[in-house]
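Could you load this one up and read along with me? Here are some quick notes from going through it.

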Amino acid sequence: KPPAGEPYSKALGDYYASCMDEAGIEKAGTKVVTKEFGAINAVQNKKQLVALVARYHQRQLRPFFTFSYQQDFKKSTEVVGSAEQGGIGLPDRDYYLKDDARSKEIRAKYQEHVVNMLTLAGLVGKKATDAAASVMKIETELAKASMTKEEKRDPEKLYHRIERAGLRAKAPAVDWDAYMAAIGFPALEAINVLQPEFFARVSEIFAS
């Protein structure tokens, strides 16, 4: 029982209890995510895709890219939006791009894992393998456009205050005005785009 006047203690307790309720989780199966599958399947155009991406970003899921906030690198008193590469399931871009035997094995195991997850979600046979191949294809394209971990260590390479206007110009297939409104910051203009070329590729993927 949480102490009086501490609502966060109750929220934390409820969260812990829900995670520990293994019998309830097993009984629920995939029912709790069926609505999400429906929302994904309903996407027919870029406008709907942007809305769905924004919704998941609000839930701390990160399809395609990440968006958060940061102190401006050159003006520490200012907090700005932060648009950054993301959207891959493996830890780093190199996992997708290296040709050594170990990397190839990891990619095969990862794709097998995606097939298994999609099968548990209700896709059968070829539908699951085809969908997993699509996941791998999209993530590989995102990886190709991503900075290396070495490049990300250089703060100068991560500072591009091109603002919303610059982000819109770099990635025109993404409706940034709709995205900002959907995440609750319709007036946000101050944005550091850490990897502008990555967002150009995201725009191409959206357009296709």
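This is a predicted model: local features need pLDDT of at least 70, side-chain atom pairs count only at pLDDT 80 or more; totals for chains, interfaces and linings use all residues.

1. Strand E1 (residues 65–72) and strand E2 (residues 75–85) run antiparallel, with 8 bridges joining them. If you want a pair to click on, tyrosine 69 has glycine 81 in E2 as its bridge partner.

2. Next, helix H10, which covers residues 196–207. Its 12 residues reach 17 Å from first C-alpha to last, close to the 16 Å expected at 1.5 Å a residue. Buried residues in H10 include Phe198, Phe199, Val202, Ile205 and Phe206.

3. Now the largest nonpolar core, which has 24 residues. Phe65, Trp176, Tyr179, Phe199 and Phe206 have the most contacts inside it. At least two residues of this core come from each of helix H4 (46–58), E1, helix H9 (176–182), strand E3 (191–193) and H10. Which of them gives the most? That is H10, with 5 residues. As general background, nonpolar side chains in soluble globular proteins tend to be buried together.

4. Phenylalanine 206 is worth a look on its own. Leaving aside neighbours within four places in sequence, phenylalanine 206 is in contact with Lys46, Leu49, Val50, Val53, Phe64, Ala173 and Val174.

Notes:
Residues are numbered from 1 along each chain as its sequence is written. Side-chain values use heavy atoms; hydrogens and water are left out. Helices (H or I, at least four residues) and strands (E, at least two) are DSSP runs, numbered from the N terminus. The expected span of a helix is 1.5 Å times one less than its number of residues. Buried means under 20% relative accessible area, exposed over 50%, partly exposed in between (1.4 Å probe, protein chains only). Two strands pair if DSSP finds at least two bridges between them. A nonpolar core is a set of buried Ala, Val, Leu, Ile, Met, Phe, Trp, Tyr and Cys residues joined through side-chain atoms within 4.5 Å. Contact means heavy atoms within 4.5 Å.
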